[in-house]
Each structure stands twice: as C-alpha cells, then as structure tokens.
Amino acid sequence: MPHTTHLCQPLDAEAFLSLKHHFKMANTEVVAWGGINEKRDFFRNIDAVRHRALRSKTIQTSFRSTGI
C-alpha cells in the first residue's frame, strides 16, 4: 500500500534520524580537529554514536509516533 512505509518502519521516524544526527556531529568533530574521516573509520566510531543516539526513550518515541 502506498504511503504506509512510516507505519511499517517506525525506527525511521525518530531513532535513525537521531543516529544520523549524532554520527554527523561525530564526523564534524573529527574533521574540526584536523582528522580525516574515511569509510573504514565507520566501525571504529559507530559504537559510541549508537550508545548516544539509540536510547530506549528515542526508540519508544519512534514507535509511539507511528501509532504502534
């Protein structure tokens, strides 16, 4: 059914937006200090970013905002 993916994928609503935001902030910080952020650094950085972004409250809000 068209226009229903937000109902089928509730984590896209809040949780992954938060993850994307925190990951961009971490990348910006690395570059600001003169570092080079490459694709191979993704797995080195993602654990800390994931812990900041994917909190239980954020995940619950994602489900609540889609009505699940």
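Q: At roughly what angle do the axes of helix 2 and helix 3 cross?
A: This is a predicted model, where local features need pLDDT of at least 70, side-chain atom pairs count only at pLDDT 80 or more, and totals for chains, interfaces and linings use all residues. Residues are numbered from 1 along each chain as its sequence is written, and side-chain values use heavy atoms, leaving out hydrogens and water. Axes here are lines fitted to C-alpha atoms, for helices over the stretch in contact, with angles from 0 to 180 degrees between N-to-C directions. The two axes come within 9 Å, and they cross at roughly 125°.

Q: Which word describes how helix 2 and helix 3 sit to each other?
A: Under 35 degrees counts as roughly parallel, over 145 as roughly antiparallel, 65 to 115 as roughly perpendicular, and the rest as oblique. With the axes crossing at roughly 125°, helix 2 and helix 3 are therefore oblique.

Q: Is Ser18 buried or exposed?
A: Ser18 lies in helix 2, residues 15-32. Buried means under 20% relative accessible area, exposed over 50%, and partly exposed in between (1.4 Å probe, protein chains only). Ser18 has 18% relative accessibility, so the label is buried.

Terms used. Helix = DSSP H or I, 4+ residues; strand = E, 2+ residues; numbered from the N terminus.
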